[in-house]
Amino acid sequence: GVGTYAPYKYDLRKFMCINSVTYDHPDPSIYTVLTCQSDDPGIAIADFVIFPPRWMVMEGVGTYAPYKYDLRKFMCINSVTYDHPDPSIYTVLTCQSDDPGIAIADFVIFPPRWMVMEHTFRPPWYHRNCMSEYMGMIWGEYDAKTAKEGKKGFIPGGGSLHNWMTAHGPDAQVFEKASTAPLAPQLFDKGLAFMFESKYLIRLTQSAL
């Protein structure tokens, strides 16, 4: 599924998907066969026809198909008066559950955007959720976790996990800065973060540790 405010945030034409393509093999009697079992790749030359001389590469399996979407084309919306709108305004894709308003999984991004809210603490405040959140950085730095005293902040490749009702929020440096900063219009263009949000408890695998 797509985000809650989908008509305003994206265009289906911006989701790119492969088309079915027909290939003519120059020599249908000889093929290179690639296999992989237990992480051990193998290569063999076969002198028999695996596929007919003319064969089709399909778009996917059943109703599934691979696609890609350029997150730089996401049309972000935000408050133009005060306070924070619900983070669902940043939802790119969603998988809805049987419970209204509660998703099995949301894919959310926090892209470059203008922040103009008045009488508002603009970074994400200290809070708890009834949803589990896994967050990561694609590039730049997160506005609620910045570098300080020679230490790196929330950097690309980094991630954080906050399960149900786990309190989290900005660090002390961000809190002090945002609490005293003049609330002039500000363009945040220092990074792109993403988040997977789910109604389910997220557990780390042993390999992730």
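Colleague: A disulfide is a pair of cysteine sulfur atoms within 2.5 Å; with that in mind, how many disulfides does the structure hold?

Modeller: This is a predicted model, in which local features need pLDDT of at least 70 and side-chain atom pairs count only at pLDDT 80 or more, while totals for chains, interfaces and linings use all residues. Residues are numbered from 1 along each chain as its sequence is written, and side-chain values use heavy atoms, with hydrogens and water left out. In general, a disulfide is a covalent bond between the sulfur atoms of two cysteines. By the distance rule, the number of disulfides in the structure is zero.

Colleague: Is Cys130 buried or exposed?

Modeller: A residue is called buried when its relative accessible area is under 20%, exposed when the area is over 50%, and partly exposed in between, using a 1.4 Å probe and protein chains only. Cys95, at 39%, is partly exposed. Cys130 has a relative accessibility of 58%, and because this lies over the 50% limit, Cys130 counts as exposed.

Colleague: How many strands does the chain have?

Modeller: Helices (H or I, at least four residues) and strands (E, at least two) are DSSP runs, numbered from the N terminus. Counted in this way, the chain has two helices, and its strands number 13.

Colleague: Among contacts between residues at least 6 apart in sequence, what percentage join residues at least 24 apart?

Modeller: A contact here means heavy atoms within 4.5 Å. Of the 209 residues in the chain, 29% are buried. Among the contacts between residues at least 6 apart in sequence, the part that joins residues at least 24 apart is 70%.

Colleague: What part of the accessible surface belongs to carbon and sulfur atoms?

Modeller: Accessible areas come from the Shrake-Rupley method with a 1.4 Å probe, and for residues only the protein chains shown count as cover. The accessible surface of the chain comes to about 14,600 Å², and the part belonging to carbon and sulfur atoms is 60%.

Colleague: Which strand gives the largest share of the lining of the largest cavity?

Modeller: On a 1 Å grid over the protein atoms alone, a cavity is a set of points where a 1.4 Å probe fits but cannot get out, a pocket is an open set with protein on both sides within 12 Å along at least five of seven lines, and lining residues have an atom within 4 Å of a point. Grid points are joined across faces, edges and corners, and a volume is the space filled by probe spheres set on the points. The largest cavity holds about 30 Å³, and its lining includes Phe110, Arg113, Met137 and Phe188. The largest share of this lining, three residues, comes from strand β13.

Colleague: How many residues in the lining of the largest pocket are charged?

Modeller: The largest pocket holds about 1,100 Å³ and is lined by 47 residues, with Pro87, Ser88, Glu133, Met195 and Glu197 nearest its centre. The elements giving two or more residues to its lining include β7 (91-96), β10 (132-140) and β13. Ala, Val, Leu, Ile, Met, Phe, Trp, Tyr, Cys and Pro count as nonpolar, Asp, Glu, Lys and Arg as charged, and the others, Gly among them, as polar. On this division the lining has 21 nonpolar and 16 polar residues, and the number of charged ones is 10.

Colleague: Which element gives the largest share of the lining of the second largest pocket?

Modeller: The second largest pocket has about 480 Å³ of space, and of the 20 residues that line it, those closest to its centre are Pro123, Asp143, Lys177, Ala178 and Gln186. Two or more residues of this lining come from each of α2 (172-180) and β12 (186-188). The largest share, four residues, comes from α2.

Colleague: What distance separates the C-alpha atoms of Gln186 and Arg113?

Modeller: Gln186 is found in strand β12 and, at 40% relative accessibility, counts as partly exposed. Leaving aside residues up to four places away in sequence, Gln186 touches Arg113, Trp114, Met115 and Arg122. Although Gln186 and Arg113 are 73 residues apart along the chain, their C-alpha atoms are separated by 8.5 Å.

Technical notes: A disulfide is a pair of cysteine sulfur atoms within 2.5 Å.
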